[in-house]
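Below are some notes for a colleague who is opening this entry for the first time. They go point by point and can be read beside the display.

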Amino acid sequence: MLSDFEYVVPDNIADMCDVLKQYGAEARVLAGGTDLLVQMKRKGVQLGYLVTGRSLGLNYITDGPQGLRIGAFVTLSEIERSGLVRQKYPIILDAVMKMASPQVRNLATIGGNLCNAAPSADLAPPLLALDAEVTVFSQSGERRLQLEDFFLGPGLTALTNGEILSEIRVPQLPPTWGGAYLKQQRTAEDIAIVGVAASMLISHNGCASNVRIALGAVGPTPVRAVKAEAFLEGQLINEEKFKRAGEIAREECTPIDDVRASAMYRKRVVEVLTKRALKEAASRSLALSS
Amino acid sequence: MPGLSIVGKSIARIDAKAKVTGEQVYVNDVKLPGMLYGVIVRGPYAHARILEVETSEAEAVPGVRAVITSRDTPGIKFSFIPSLADKLPLESEKVCYVGDEVAAVAADTLEIAQKAAKLVKVRYQPLLAVFDPEEAMSPEAPRIHENKESNVVFEIHKEFGNKDAALKAVDYFFEDRFVTPRVCHCCMETRGCIAYFDRAGQLTVWSPTQAPHTLRQELSRVLGMDIGGIRVLRVSAGGAFGSRLVMDMKEPIAAILSQRTGRPVKIVNTREEEFTTAKTRYPYIIDLRTGVTRDGKIMSREARIIVDNGAYTDKGSATLNFAASFFIALYEVPYVKYDGYLVYTNNQFGTAFRGFGNPQIHFAIESQMDIIAEKLGLDPMELRLRNANQPNRRVSSGAQVTSCGLEACIRKAAELSSWDSKRAETARQDPSALKRRGIGMAVMTHSGGGSRYYGYNATDAFVKISDDAKVTVITPAVEIGQGAATAMAQIAAEVLGVNMDRIVVENTDTNLTPYDLGAFGSRTTFVCGNAVRNAALDARREMAELAAELLGAEPQLLTFKDERICARQGENYISFQEVVDYAYKRKGRPISGRGRYDDPVATQVGLSEGTENHIPTYAFACQVAEVEVDLETGEVRVLRVTAAHDTGTTINPAMASGQIEGGVVQGFGFALTERYQTRDGKMLNDNFLDYKLPRAGDSPPVDVLLVESNDPEGPFGAKGIGEPGLVPTAAAIANAIYDAIGIRFRHIPITPEDILSSIASKDKS
């Protein structure tokens, strides 16, 4: 049952921060509502104030010298339709296309997906693999932090009282950067049992650099598999190395048993998907450099 | 069938526009003046004694009109079969599964009712619970119903044929245990009802039931009132699949709340209530022993079946009975033995679910057929062909098979799926490939016309032709989304030779519709369709007499087709409309017809030796599944299912195909994705995020083949098609997985984790 709440429409982002500051834990930002309303209906989350951010103009996708900038209130459908994302950041599209149904994608936002901080958030691994930063806005101004530092635990982020996530930034990528996101799910429209994003650059001599591997749903937060990354960095790539990187990633993650899958199965899938995502990322990079 | 103009055509459903546009009214759309909203207070324990129910706080909430407990009910126990009665509408002494009804609230709004329901305070003393049916059979197990002698509530023992002669011929015995899971119906619409006791004491119930006349009987029993005082108005069902066949306790609870308040009361399940209390498919444990000769002739088949009944008895005994008929009749087997035990546990209880015990039995039989085929070095198709039943055979139990398209289904499915070449291809696969393909087959038989277990399998229909030349068909055929109303309209339109837009179907009000058992057992087309055909023929006789006067011809020589009544081919004719005008304006009389489907065998079955003829007609099918197994992740993709089904004659190919496709997708979920997960009897995944019902994106392409065996008793030769679609699917998929990776799964669902751990243990050994 949905308890009573007040629906607040702030005039601008500063007002929004005021409202959030004033009501503290009583208030939450309402973006698409596809997670928040379910929590309120099913999980007994009681809130006095839902503050909508849809009127703030934070729904842009732009590319420039500072890289890709996505407003926090951009919906998944908007990302899906963005030619820019499609051409230059296909790893993000990989994730969006595997998320929920078209109806849900019409409502759900990139900011909501990150702020909800589910370990299985599909957009987190690709953005981690892209070294994304987030912009956080509050009464005292803006601060920027690495996405890696944004996730603190299941449902927990680095946002403090009165702060909102306003923008996601991805630094400029070299033209031959390749990345891919793979997701293990039980049926279509499912949340991830395991999500793995991988990205790299392949130099003309066939060596990998800037290797990033990010894992979803196998720990309290989405995480980078730094040991597997380090293993591959500077290496001449081949199938065997990808396989080994998968084995290392498997040992780095800390999944749990739940109704969706056992920890053992998740580890096994991390190993397989890491190998496959690396292979796909490498082949995309090679395709761009040839 | 040649010569037919409406039957056999994929005509758009008569309810298509209302359903596509959202105009169709479901029970949650119905709002009556002064209507209250009811909420049920449910026990949180799998097994607990109720010590005290305190309602005063809930009663004090403004807007609350009534709070009831068992004290406010007649205290009459209910089960579908009266002699097995074990369930009170509101429990007084114990709760026996998580979600058991304890109290109920009616209030001005749903929100108030929900709030007040939380304020009903119940004190419980938790008791030891038992969830495993085999454990529950032990004398030491907690007794769930203390007035019963044991947790085994029902047994069935059947044995037919010459045991000694049959067993003597056996060269090999095969013994396997197969286990099938609890799954939920997952109707898009959750179950609900409205009940209203009016000032005259008449109880009217709005319900998306599959069996409105049975609902009247059930309500009259549990409320202790005369059946004549109960009227059921059937509203559209947003899915049924058996879950709306037997009354659940919402109907009597709403009725009692209405009686207390003098207002109509609506109760609708939340999705969580639907998952946890709307009843499920019965889980079966099947020990199957089959004896075969060296050349692949099945001589004997013996099953010992343990069914998890759950906390109360609903359709558990009937599913065991029903499935026995098909266990016996699928193949020609000289000796069969069938022993079933229905066992109480503290789980959610089962009910009817599309296939009614038969998908469980077929998973066992048809998985074992492939085990046998491999051992004998036979192609699985060949083994099935050697044992397939044939038309006009009497099986070992004495049951009569009439029309039978099994062999044709097998051959056609094999041909369309390129069985031989695909089997050869999968056998030649690179053994080191990480994705492996497989192809598997399973056949089935099911009823194509209900059953005679009730000692009754008849119904009536009426046709009236009004002054505007509209044809109204009054039939009890229950529309639950399967297309029954359209099928009835097509049958009437065919007989009368009129266009579909003349036909109106009235089938919602028990005050109006003839008595009938309801929409289940794939019986509606066969039983109600025959009655409608006969009623239309009766009306046609009246039309023919009138037309004969106008045409100067013999009434029995007239043909009715394309809105015309013809004396001879094309030459001397008159329009349907003109004959109706002639009747009303010149002859001063109306036109109508009455028809009956009568099944006299129904009153005799099961009464003495050799009268096991429970099934009026059998439907047959063969499905071939093709899969790809990812050896690294354990994922199974179903690439294609070829489904050849014996429909007798198809009334509406698009609707029949839709029934088969839907069945296959449900069978896919049964085989691979759906898991009912619990801890201490509490369901852990009571939502569509974690209960993995197949989505549109998971549905494999289904190639449907309609095989027409022309049933001698069916309307225009038709048989039912509502259930067969999912009966063989799980076995076909399991057999395909075996073909792909050489691992035999004797349980479903077969999850990616099962596949990976089986591969790992196979590699070890």
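Which residue stands opposite Val53(B) in S6(B)? The answer is in point 1.

1. The model is predicted. In chain B, Val53(B) stands opposite Val122(B) in S6(B). The two strands concerned are S2(B), residues 48–54, and S6(B), residues 121–126. They run antiparallel and are joined by 6 bridges.

2. S2(B) also pairs with strand S4 of chain B, residues 94–95. This pairing is antiparallel as well and extends over 2 bridges. Within it, Ala48(B) has Val95(B) as its bridge partner in S4(B).

3. An open sheet of 4 strands is found elsewhere in chain B, in the order S18-S26-S27-S30, with mixed pairing. Its edge strands are S18 (435–447) and S30 (702–707), each of which pairs on one side only. On average, neighbouring strands of the sheet are turned by 15° against each other, if direction is ignored.

4. One pairing in that sheet can be followed in detail. Strand S27 of chain B, residues 636–646, runs parallel to S30(B), and 6 bridges join the two. Here His645(B) stands opposite Leu706(B) in S30(B).

5. A helix lies across part of the sheet. Helix H9 of chain B, residues 316–329, lies across S18 and strand S26 (618–630). The helix runs at about 110° to S18(B).

6. Two packed helices are described by the angle between their axes and the distance between the axes. For helix H10 (residues 358–376) and helix H18 (residues 729–741), both of chain B, the angle is about 30° and the axes are 8 Å apart. H10(B) is therefore roughly parallel to H18(B), as angles under 35 degrees count as such. The crossing of H10(B) past H18(B) is right-handed.

7. What do the two helices bring to their contact? From H10(B) come His362(B), Phe363(B), Glu366(B), Ser367(B), Asp370(B) and Glu374(B), which meet Ala730(B), Ala731(B), Ala734(B), Asn735(B) and Tyr738(B) of H18(B). Sorted by class, this contact of H10(B) with H18(B) has 5 nonpolar, 3 polar and 3 charged residues.

8. The last point concerns the two chains. Chain A contributes 19 residues to the contact and chain B contributes 29 residues. The size of an interface is often given as the accessible area lost when the parts come together. Chain A and chain B bury about 2,000 Å² between them, with 47% of it on carbon and sulfur atoms. On the chain A side, Met1(A), Arg42(A) and Val259(A) lose the most area to chain B, together 30% of what that side buries.

Definitions and conventions: Residues numbered from 1 in each chain as written. Chains lettered and ligands numbered in written order. Predicted model: local features only at pLDDT ≥ 70, side-chain atom pairs only at ≥ 80, totals over all residues. Heavy atoms only, no water. Axes fitted to C-alpha atoms, helices over the stretch in contact; angles between N-to-C directions. Parallel < 35°, antiparallel > 145°, perpendicular 65-115°, else oblique. Left-handed = near helix turned anticlockwise from the far one by under 90°. Contact = heavy atoms within 4.5 Å. Nonpolar A, V, L, I, M, F, W, Y, C, P; charged D, E, K, R; others polar. Pairing = 2+ DSSP bridges. Buried area = accessible area lost by both parts, 1.4 Å probe.
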